[in-house]
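Visitor: I would like a close look at a single part of this protein. Pick one stretch of chain and walk me through its surroundings.

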Amino acid sequence: MNSIAATLADCDDVQSLATTLAQVCAAFGPVACLRIMTLSNRGQRQALCFIQLATRANEAGLAELLQATWVDDFLTLRVPLGGVDRALLVQSVAPCPGAAMAH
């Protein structure tokens, strides 16, 4: 696990993950979209993060740093969250104009 992945894995909730992830992303330029969905699998919480920067030019560097994959136009990253999930949550941290999430 690289140091960025370890830092993100230290986040216990969506808000701390969003803050940390936004700080990491800001080094590559303005964030146009940051969406985080929380998932629960056998009591283990995970966050599925969807990221877009304002310009595509720096997204490749960010993808490499985060070890993220591309899903459509989003960099996608799965991060474990601490604690046990009591309910499945879906939370949008920042709106993404013109982007629809599939259900």
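Guide: The mean pLDDT of the protein is 81, and 78% of its residues reach 70 or more. This is a predicted model, so keep that confidence in mind. One stretch calls for caution: over residues 84–94 the pLDDT stays under 50. For that stretch the model has 23 contacts beyond four places in sequence.

First, the setting. The protein has three helices and five strands. Read from the N terminus, the order is α-α-β-β-α-β-β-β. Of its 103 residues, 37% count as buried. Take the contacts between residues at least 6 apart in sequence: 61% of them join residues at least 24 apart.

Now the part itself. Strand E2 covers residues 44–53. Eight of its ten residues are buried, so E2 is largely enclosed by the rest of the structure.

Start with its partner strand. E1 spans residues 31–41 and pairs with E2 in the antiparallel sense. Ten bridges link the two strands. One of the facing positions is cysteine 33, whose bridge partner in E2 is glutamine 52. E1 and E2 form a hairpin, with two residues between them. Arginine 42 sits in that turn and has a positive phi of about 55°. Most residues other than glycine have a negative phi.

Two other residues show a positive phi. Glutamine 67 is not a glycine, yet its phi is about 55°. It is placed in the loop between helix H3 (59–66) and strand E3 (69–71). Its relative accessibility is 56%; the cut-off for exposed is over 50%, so glutamine 67 counts as exposed. Aspartate 72 also has a positive phi, near 55°, and is not a glycine either. This residue lies in the loop between E3 and E4. At 71% relative accessibility, aspartate 72 counts as exposed.

Back to E2, and to arginine 45, which lies in this strand. Is this arginine buried or exposed? Its relative accessible area is 15%; buried means under 20%, so arginine 45 is buried despite its polar side chain atoms. A polar atom of that side chain lies 3.4 Å from the backbone oxygen of aspartate 12.

H2 runs over residues 14–26. At 1.5 Å a residue, its 13 residues should span 18 Å, and the end C-alpha atoms are 18 Å apart, which agrees. The buried residues of H2 are Val14, Leu17, Ala18, Thr20, Leu21, Val24 and Cys25.

How many aromatic pairs does the protein have? The count comes to one aromatic pair. Its members are phenylalanine 50 and phenylalanine 74. Their ring centres are 5.9 Å apart and their planes stand at 80°, so the pair is edge-to-face. Phenylalanine 50 belongs to E2, and phenylalanine 74 to strand E4 (residues 74–84), so the pair ties together parts that are 24 residues apart in sequence. Both phenylalanine 50 and phenylalanine 74 are buried.

How values were computed
Residues numbered from 1 in each chain as written. Heavy atoms only, no water. Helix = DSSP H or I, 4+ residues; strand = E, 2+ residues; numbered from the N terminus. Expected span 1.5 Å × (residues − 1). Buried < 20%, exposed > 50% of the residue type's maximum accessible area, 1.4 Å probe, protein only. Phe/Tyr/Trp six-rings, centres within 6.5 Å; stacked < 30°, edge-to-face > 60°. Pairing = 2+ DSSP bridges. pLDDT = per-residue confidence, 0-100. Contact = heavy atoms within 4.5 Å. Polar contact = N/O pair within 3.5 Å; in protein donor to acceptor, adjacent residues only side chain to side chain.
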